[in-house]
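Welcome! Take a moment to look over the chains below, and then we can walk through them together.

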Amino acid sequence: MIRDITIGQYYPAESVLHRLDPRTKILCTLLYIISLFLFQEWTGYLIATVFLCTAILLSKVPVTFIFRGVKAIMVLLVITVVFNLFLIPGEPVVRIWKLTITDQGIRTAVFTAFRLIYLIFGSSLMTLTTTPNQLTDGLERLLGPLRVFRVPVSELAMMMSIALRFIPILLEETDKIMKAQTARGADFESGNMIKKAKSLVPLLVPLFVSAFRRAADLAMAMEARCYRGGSGRTKMKPLAYGRRDAFAYLITVAYLLLLIGVMRFTK
Amino acid sequence: MGIIRAKEVGYSYKRLNDQGEVESVRQALNNITLDVAAGDFIAILGHNGSGKSTLAKHFNAILAPNEGTLWVDGKDSRQPENVWDIRRTAGMVFQNPDNQIISGVVEEDVGFGPENMGVPTEEIWRRVEESLRAVGMYKFRRHSPNKLSGGQKQRVAIAGVVAMRPKCIVLDEPTAMLDPTGRKEVLKTVGVLNKKEGMTIILITHYMEEVVSADKVFVMDQGEVVMEGTPREIFSQVERLKSYRLDVPQVTLLAYELRKQGIPLPEGVLTNEELVEALCRVRAAGEKQFTENGESV
């Protein structure tokens with residue numbers, strides 16, 4: 001069961017968004033996120049909604065998957081809404097005990113909530129349509145210029161992809177160690193938070209030992225296969241921009257310009 | 001001259017104490033001299049701690065000898081500038097399949113070696129396809145290694161080495177962590193690579209059954225090569241193997257015990273078929289004797 005855990009949340013499907021270059025997706029998502037902070041009016045939200053919905057429809061990812069991302073920020077969302085609702089001064093609408101809800105408060109609360117949800121929708125859409133490996137590749141290329149400042153970009157990308165490969169293995173191992181210790185009377189279930197946390201220590205020690213051993217083995221295996229750092233390597237799956245990427249950039253920039261234009265106009 | 005040649009090779013592990021001083025020295029390899037001919041299937045046998053893994057790491061220049069010299073394809077493994085050429089010539093497959101697969105997709109893992117060597121993209125794809133087909137894992141090329149069986153993972157690891165087009169593959173106990181099915185799969189794959197592709201295979205193992213088809217066997221004990229010969233020559237010396245804490249294959253042992261009981265069987269029987277044939281001959285001879293002398297054997 002624990003084997004089937006997928007890291008990231010890739011949803012396999014055949015769509016235009018899936019086929020886009022990861023660099024395009026990362027940069028366009030970035031532009032989209034910036035765009036969300038440009039407006040305060042409902043017209044802006046309308047344009048963003050149209051853009052987002054089109055992207056979701058194109059991606060062929062079921063809407064339920066996209067909604068899942070919101071769960072993770074539910075607490076944050078509720079706190080933001082509550083604070084905005086009660087603390088923004090303005091024309092009072094409702095008065096409950098000592099707290100007042102103002103019209104300005106409602107407005108800001110609703111808009112902020114939508115902004116947060118749109119943010120999550122947009123970034124989930126990216127991770128849902130891009131495999132972790134592609135993301136790593138994309139980041140490697142995008143961060144490439146940092147090599148000038150001696151940032152070991154390729155090595156970092158390699159570390160990231162190795163981490164991704166080993167997470168399920170280490171999970172499986174955790175499961176195994178837990179079972180072995182439960183069989184010898186260890187108790188991971190009962191007790192309060194502190195007790196539970198303490199019971200994890202004997203689990204972590206063997207896990208770390210084995211992780212280090214694996215790391216040593218892997219390093220040797222990599223050297224045996226001629227790995228000597230990022231320089232001089234070729235790519236089996238090099239990233240290449242296609243026509244659809246140009247198109248995607250074009251649409252995103254057009255969306256951004258439209259948004260800015262509308263904001264200017266309505267002011 | 002063979003593809004791998006060792007002359008009086010010695011290697012010792014030093015244990016350091018907290019101050020970085022040498023606390024004790026353990027001689028892992030001692031005065032090893034051997035010569036591996038290109039295209040051969042070589043097996044190296046030995047119980048745990050006999051130094052066979054240390055020797056394997058020398059073939060790939062992961063370790064360099066303290067004493068003596070080791071040449072891989074004519075290159076001295078102690079020269080740092082030869083290290084990468086040697087690793088290209090002699091690929092290595094390790095014991096734990098999980099700890100040597102780098103990528104989350106089978107085909108990308110096979111492409112890792114060629115990528116490191118700077119092979120152009122189209123050529124990488126050609127090699128990946130070729131080597132995955134050679135080990136019979138082509139239809140799994142887009143799978144995650146985590147979902148494969150042990151034997152399949154080990155075959156992927158072998159493909160990863162094959163894609164580097166080495167002249168020689170060193171397998172360090174590749175079957176130790178596998179179930180019998182996985183072991184058979186791996187051995188069959190290795191056999192095919194040896195016969196069809198003409199690759200030199202060096203198989204390090206402590207399973208006797210795996211060395212029966214080898215061209216030559218080296219037996220190691222306490223860091224030294226103590227026996228050398230064809231499987232038949234080696235396995236005919238049951239008592240001596242036992243003294244090195246090694247078992248002979250079951251058939252060989254059965255034949256050996258029968259011989260001890262006075263049944264005229266040849267020495268060094270290696271396969272079930274051979275034993276059956278030999279026993280039939282004994283019976284036929286017995287019947288002949290019976291008809292001649294009128295008494296049973």
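## A buried threonine

B:Thr89 is buried, because its relative accessible area is 11% and buried means under 20% (exposed is over 50%, partly exposed lies in between, with a 1.4 Å probe and protein chains only). This residue is found in helix α2 of chain B; helices are DSSP runs of H or I with at least four residues, strands are runs of E with at least two, and both are numbered from the N terminus. Leaving aside residues up to four places away in sequence, B:Thr89 touches B:Val72, B:Asp73, B:Pro166, B:Lys167 and B:Cys168, where contact means heavy atoms within 4.5 Å.

## How to read this model

Please keep in mind that this is a predicted model, in which local features need pLDDT of at least 70 and side-chain atom pairs count only at pLDDT 80 or more, while totals for chains, interfaces and linings use all residues. Residues are numbered from 1 along each chain as its sequence is written, chains are lettered from A and ligands numbered from 1 in the order in which they are written, and side-chain values use heavy atoms, with hydrogens and water left out.

## Where the two chains meet

Chain B brings 39 residues to the contact and chain A brings 28. Together they bury about 3200 Å², with 53% of it on carbon and sulfur atoms; buried area is the accessible area (1.4 Å probe) that two parts lose on being put together, summed over both. Of the area that chain B buries against chain A, B:Trp84, B:Asn99 and B:Asn146 supply 22%, more than any other three residues.

How many salt bridges cross the interface of chain B and chain A? The rule finds six, a salt bridge being a side-chain nitrogen of Lys or Arg within 4 Å of a carboxyl oxygen of Asp or Glu. B:Glu115 forms a salt bridge with A:Arg233, and their closest N and O atoms are 3.0 Å apart. There are also 18 residue pairs in polar contact between chain B and chain A, both at pLDDT 80 or more. A polar contact is a pair of N or O atoms within 3.5 Å; within protein, one must be able to donate a hydrogen and the other to accept it, and residues adjacent in sequence count only if both atoms are side-chain atoms.

On the side of chain B that touches chain A, the elements giving two or more residues are α2 (83–89), α3 (106–117) and α4 (121–134) of chain B. The most comes from α3(B), with eleven residues.

## An aspartate in helix α3

B:Asp109 lies in helix α3 of chain B. It counts as buried because its relative accessibility is 0%. Not counting residues up to four places away in sequence, B:Asp109 touches A:Arg225 from the other chain, along with B:Gln100, B:Ile101, B:Ile102, B:Ser103 and B:Val156.

## Domains within each chain

Chain B has domain 1 (4–231) and domain 2 (249–297), with bounds that come from an automatic or database domain assignment. The centres of these two domains of chain B, taken over C-alpha atoms, are separated by 39 Å. Four residues from domain 1 of chain B and four residues from domain 2 of chain B make the contact. About 320 Å² is buried between domain 1 and domain 2 of chain B, and carbon and sulfur atoms give 80% of that area. Between these two domains of chain B there are zero salt bridges.

Chain A is divided into domain 1 (2–130 + 239–266) and domain 2 (150–224). Here 35 Å separate the centres of domain 1 and domain 2 of chain A, taken over C-alpha atoms.
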